[in-house]
Number of protein chains: 2
Amino acid sequence: MSNNQFKKGELYSFITGKASTAIGRRLQKNFKQNNIEITIEQWSVLYHLWKEDGMSQQELCDATFRDKPSITRLVDNLERIKLVKRNASKEDRRKNLIVLTPEGRELEAKSMEIANNTLNESLQGVTNGQIEIAKEVLQMVYENLK
Amino acid sequence: MSNNQFKKGELYSFITGKASTAIGRRLQKNFKQNNIEITIEQWSVLYHLWKEDGMSQQELCDATFRDKPSITRLVDNLERIKLVKRNASKEDRRKNLIVLTPEGRELEAKSMEIANNTLNESLQGVTNGQIEIAKEVLQMVYENLK
DNA sequence: GACATATAGTTGTTTATGCAACTAAACAAA
DNA sequence: TTTGTTTAGTTGCATAAACAACTATATGTC
């Protein structure tokens with residue numbers, strides 16, 4: 001702790017500033033330039049549905065680190081622009097299963113390509129080892145605060 | 001790039017999810033528990049004013065990685081709760097110099113103590129070296145995307 | 001079965017963000 | 001001085017977040 005002290009000051013700007021979300025904003029910008037009219041928040045939901053269609057809203061909360069109201073509204077908006085649909089679960093009538101529409105499924109290929117390109121652009125000059133450590137730190141922080 | 005590919009998938013959740021802002025949210029929670037009724041975004045502005053009072057809004061934009069409308073509104077809110085005041089610059093009448101009120105200055109000691117405690121809590125088990133690398137990665141990403 | 005409790009999701013309110021369009025002052029060139 | 005450009009800041013609009021309060025269904029216990 002005492003050892004960390006002198007380094008912490010510089011961290012505050014990153015934590016409270018917008019630097020940590022720079023990639024997300026660039027991703028959204030690149031989507032727009034390619035006529036993909038969704039927000040990164042919406043994309044983060046679609047991303048998990050592409051891996052596993054028909055997740056419940058609660059599962060989407062856990063996957064995206066968001067709370068329930070946030071997911072409710074993201075799904076609202078995704079439903080409004082017809083990329084997903086809420087299907088009532090037959091096993092548990094409290095649950096909505098969120099399923100992709102054909103339009104929602106169609107977005108995967110192009111948007112993943114843009115995402116990969118954006119990530120390459122963002123991580124230029126960053127080594128694999130550094131990425132691993134940065135990920136570990138984020139994970140540990142998240143675990144510490146859970 | 002090709003080398004990074006397999007690791008990138010796991011990154012998307014962090015980038016688009018809320019894990020990267022977990023410390024900020026915990027900080028805000030800890031403020032509230034100590035009856036400090038400000039948001040972390042407001043705190044991020046105050047933090048820079050404590051180091052240098054009388055910054056212009058543009059300087060606050062650069063320091064906090066925020067755009068001008070964001071700072072306009074953060075200063076609006078900080079002025080409304082009487083923690084800062086806008087002073088018109090005499091040298092350049094386009095500029096507002098943002099100065100702390102006595103109430104604003106008073107918040108520094110207690111909130112910095114809470115921030116330091118929160119950071120210690122968040123970074124438990126993370127070594128200095130790891131913190132350094134995580135900071136470097138964030139900095140490089142930010143530079144890459146500037 | 002009846003009651004308490006946990007889980008899934010929604011709604012209301014306040015604050016912040018991203019983007020584009022705007023005003024006003026400063027500066028530069030002719 | 002006039003005209004054009006840059007810089008500082010504001011406003012409008014849509015989306016998202018945090019938090020608390022809410023409804024409805026499921027589950028566990030007696």
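Modeller: Let us begin with contacts: two residues are in contact if their C-beta atoms, placed from the backbone, lie within 7 Å. Please keep in mind that this is a predicted model. Among contacts in chain A between residues at least 6 apart in sequence, 46% join residues at least 24 apart.

Colleague: How many helices and strands does the secondary structure of chain A come to?

Modeller: Chain A has 7 helices and 3 strands. Read from the N terminus, their order is α-α-α-β-α-α-β-β-α-α. Along the principal axes, the C-alpha atoms of this chain fill a box of roughly 55 × 35 × 25 Å.

Colleague: What percentage of the residues in chain A is buried?

Modeller: A residue counts as buried if 20 or more other C-beta atoms lie within 10 Å of its own. In chain A, 31% of the 146 residues are buried.

Colleague: May we take one residue as an example? Is Trp43(A) buried or exposed?

Modeller: Trp43(A) is found in helix 3 of chain A, which covers residues 40–51. This residue is buried, because 24 other C-beta atoms lie within 10 Å. Leaving aside neighbours within four places in sequence, Trp43(A) is in contact with Ile38(A), Ser111(A) and Thr16(B). As for Gln57(A), that residue is 14 residues from Trp43(A) in sequence and 15 Å away in space, C-alpha to C-alpha.

Colleague: At what angle do the axes of helix 2 and helix 6 of chain A cross?

Modeller: Helix 2 (residues 22–33) and helix 6 (residues 102–122) of chain A have axes that come within 10 Å and cross at roughly 135°. Helix 2 and helix 6 of chain A are therefore oblique to each other. Their crossing is right-handed. On the side of helix 2 of chain A, the contact is made by Ile23(A), Arg26(A), Leu27(A), Asn30(A) and Phe31(A). Helix 6 of chain A contributes Ser111(A), Ile114(A), Ala115(A), Thr118(A) and Ser122(A). By class, the residues of this contact are 5 nonpolar, 4 polar and 1 charged.

Colleague: Let us turn to the two chains together. How is the size of an interface often given?

Modeller: The size of an interface is often given as the accessible area lost when the parts come together. Here one may look at residue counts: the contact takes 53 residues from chain A and 53 residues from chain B. On the side of chain B that touches chain A, two or more residues come from each of helix 1, helix 2, helix 3, helix 4, helix 6 and helix 7 of chain B. Helix 7 of chain B gives the most to that side, with 14 residues. The classes on this side of chain B are 26 nonpolar, 18 polar and 9 charged residues.

Colleague: Which residues come nearest to DNA strand C?

Modeller: Of the 28 residues around DNA strand C, the nearest are Gln57(A), Gln58(A), Pro69(A), Thr72(A) and Thr39(B).

Technical notes
Residues numbered from 1 in each chain as written. Chains lettered and ligands numbered in written order. Predicted model: local features only at pLDDT ≥ 70, side-chain atom pairs only at ≥ 80, totals over all residues. Axes fitted to C-alpha atoms, helices over the stretch in contact; angles between N-to-C directions. Helix = DSSP H or I, 4+ residues; strand = E, 2+ residues; numbered from the N terminus. Parallel < 35°, antiparallel > 145°, perpendicular 65-115°, else oblique. Left-handed = near helix turned anticlockwise from the far one by under 90°. Nonpolar A, V, L, I, M, F, W, Y, C, P; charged D, E, K, R; others polar. Buried ≥ 20, exposed ≤ 12 C-beta atoms within 10 Å, placed from the backbone. Near = placed C-beta within 6 Å.
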